[in-house]
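I opened a notebook page for a structure that was new to me. These entries list what I looked up, in order.

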Amino acid sequence: MRSPVLFSARLWFSAALVGCTSAAAVMGFRALIDLVEFALTGHRGSLVAAARALAPWHRVATCVAGGLIAGLVLEYGQRWAAAGRGSAKHIDYIDAAREGTSELNDRTTLVRSVSSLFSVGSGASIGREGPMVQLTAWLATKLGRWLALPAAECNAILVCGIAAGIGTAYHAPAAGAVFALELALGYFARHAIAPVLIAASTACGLIYWLVEPHPLYVMPEVALQPVSIAAALVLGPICGGIGWSLLRLLELGRRAFAPIHSLPLRLALGGLLVGGLSAVLPEVWGNGYSVVSNVLQGQLAWNFVFVVLLAKVLATMISSGSGAIGGVFTPTLFVGATSGYVLAHAASNWIAPEYIGAPSLLAVIAMGAVLASVTQAPLMAIVMVLEMTGQFQLVVPVMLACGLAFAVSTQFGTRPLYGNPIEGAISPRKEQQIA
C-alpha cells in the first residue's frame, strides 16, 4: 500500500514553508547576536575583529559578563521551564527526531536560545549554528501544529527543520539534507527524502539569492593533482586521531567543570578563562570563521596558526565544558582546517613543496576528515566541506580522507559528537511515523 505522505502535496508545501521560516530564523538569530555583541563591545560583525579592537581587560570583562548573564538565564530559566505543565520531554532536536516525535520543549528551547545569545555574543569559543538549528527545528514543529498536520507529517516536518537549519547556517543545502537523514534519523528514510530536500533547498536558496550569494568560505580554486591522493592517504588516519583526541579533550573539559553546581558561577569562570586567553590571542573568540577563511586563502603564517590552534582547542574545551549553550561543530571545522594547514607547512620543510601541494588543499581535506572523525558521519562531512568551500574538484581526496578518518575514529570506542545515529535510530516500524 502506498504511503499517502509520499504523494502529499500538503507536506511538500509545508516543507517549503519550513525552508522560508528557517531562513528568517537564522537571519534573525544572527541579528540578535550582533545586538548582544554591540551592547558588550561596541562593535558588530566578526567577533575576532571586535576582540582585536578592545583592550585586553575589556576582552576579559566581556567574556565574564556574557558568561555570568548566560548562566543566570539558564539557572532561573530552567526553573521556569520545569514549572511548565504538559511540557514535552525532549529538549534536543536530534533525540526527538531519532525517537520519531515532533515534541520539543517550548520553554527549554526559549531559555537555551536566550542563554546562547549571551554566550556567543560575548566571545565564547563555541558555534552559533547549533542553537540556530535547535530554533529552526522547534519553529518547524510549531508550524506543523499551526497547519494542523497529522502526527506523521509533523514528524517529517521536524526533520525538515533540521535540514533547513544546517543548510542555511553553512550555505550547504545538500549537506543539510544528508545531516538530517544520516545523523538525525540514522538512515535514509525513503518517505522523508522529498520534503527534506525541499526544505533545505528553499532555505538556502533564499539566503543565497537575497543575503549572501557565495559559499560560506570563499577561497581560490585549488587544482586537483596526483599529490592530492597521497595527501589524503596520509591525512586521513592522522585526522582520525585528531578527531578522537578532540572528543576526549571536550569530555575532560566537562568533567573539570562538573563539581561546580552553580550555573552562573560555572559559566562566569569559563568566561574568565577564555577571556584570559583572548587577552593574549583575540583569535580564540567565536566559532573561528574568520581564521578559517584566512587559512583557506593562505594569508596566515603557519607558526601563528599552530599557536592559535592550540589556544582555540583549549578555549573550546573551556566554553563547552562550562556548559555554554552552543555547538562545537564549527570549532571542529576550525581544528581540521588549521591542522591541515600546519601539517602542509611542516611537511614542506622536510619535502619539496611541489610534492606536498598547496597548504589550502590540505586544509580542505583535513577539514572534512576531522569532521568525519568527530561526527562519525562521513557522507555528511564530504558533502558539507565541498559545498562550504566550492572545491568540488577535490571530491576524490576528500572522500578518501573522510573514509580513512572514519575508520580510525570508530576503533577507539569514543562516543561521537551527536551520539551513535544507528543506536539512536528509529525502528523500521517507526519509520512509517516519520514518513
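**Entry 1**

I began with H171, which counts as buried at 12% relative accessibility. Buried means under 20% relative accessible area, exposed over 50%, and partly exposed in between, with a 1.4 Å probe and protein chains only. This is a predicted model, where local features need pLDDT of at least 70, side-chain atom pairs count only at pLDDT 80 or more, and totals for chains, interfaces and linings use all residues. Residues are numbered from 1 along each chain as its sequence is written, and side-chain values use heavy atoms, with hydrogens and water left out.

I placed H171 in the loop between α7 and α8 (173-184). Helices here are DSSP runs of H or I with at least four residues, strands are runs of E with at least two, and both are numbered from the N terminus. H171 is not a glycine, yet its phi is positive, about 55°. I noted the background: most residues other than glycine have a negative phi.

Then I turned to Q376. Its phi is near 55°, again a positive value in a residue other than glycine. Q376 sits in the loop between α15 and α16 (378-389). It counts as buried, at 17% relative accessibility.

**Entry 2: the protein overall**

How many helices and strands are there in the protein? I found 18 helices and 0 strands. The protein has 435 residues, and 56% of them count as buried. I looked up its accessible surface, by the Shrake-Rupley method with a 1.4 Å probe, where for residues only the protein chains shown count as cover. It comes to about 17200 Å², and 67% of that belongs to carbon and sulfur atoms.

Next came contacts, meaning heavy atoms within 4.5 Å. I took those in the protein between residues at least 6 apart in sequence; 80% of them join residues at least 24 apart.

**Entry 3: aromatic rings**

I searched the whole structure for aromatic pairs and got 3. Rings of Phe, Tyr and Trp (its six-membered ring) pair if their centres lie within 6.5 Å; planes under 30 degrees apart count as stacked, over 60 as edge-to-face and the rest as tilted. Y170 and F329 have ring centres 5.3 Å apart and planes at 45°, so this pair is tilted. Y170 lies in helix α7 (residues 151-170) and F329 in helix α14 (residues 329-348), so the pair ties together parts that are 159 residues apart in sequence.

Y170, F179 and F329 form one aromatic cluster.

I also looked for charges over rings: NZ of Lys or CZ of Arg within 6 Å of the ring centre and within 35 degrees of the ring normal. R44 lies over the face of F38, at 4.7 Å from the ring centre. K312 lies over the face of F334, at 5.8 Å from the ring centre.

**Entry 4: the nonpolar cores**

A nonpolar core is a set of buried Ala, Val, Leu, Ile, Met, Phe, Trp, Tyr and Cys residues joined through side-chain atoms within 4.5 Å. The largest has 116 residues, and Y170, F179, M380 and M384 touch the most other members. I listed what M384 touches, not counting residues up to four places away in sequence: I166, Y170, A175, F329 and L371.

L371 was my next stop. It belongs to helix α15 (residues 359-375) and counts as buried at 0% relative accessibility. Beyond four places in sequence, L371 is in contact with residues including F329, L333, Q376 and M384. L371 and G240 are 131 residues apart in sequence, but 9.0 Å apart in space, C-alpha to C-alpha.

**Entry 5: an exposed loop residue**

I picked E221, in the loop between α9 (193-210) and α10 (226-257). It is exposed, with a relative accessible area of 68%. What does E221 contact, leaving aside neighbours within four places in sequence? I found Q391 and Q393.

**Entry 6: cysteines**

A disulfide is a pair of cysteine sulfur atoms within 2.5 Å. By that rule I counted 0 disulfides. C20 is partly exposed, at 36% relative accessible area, whereas C204 is buried, at 8%.
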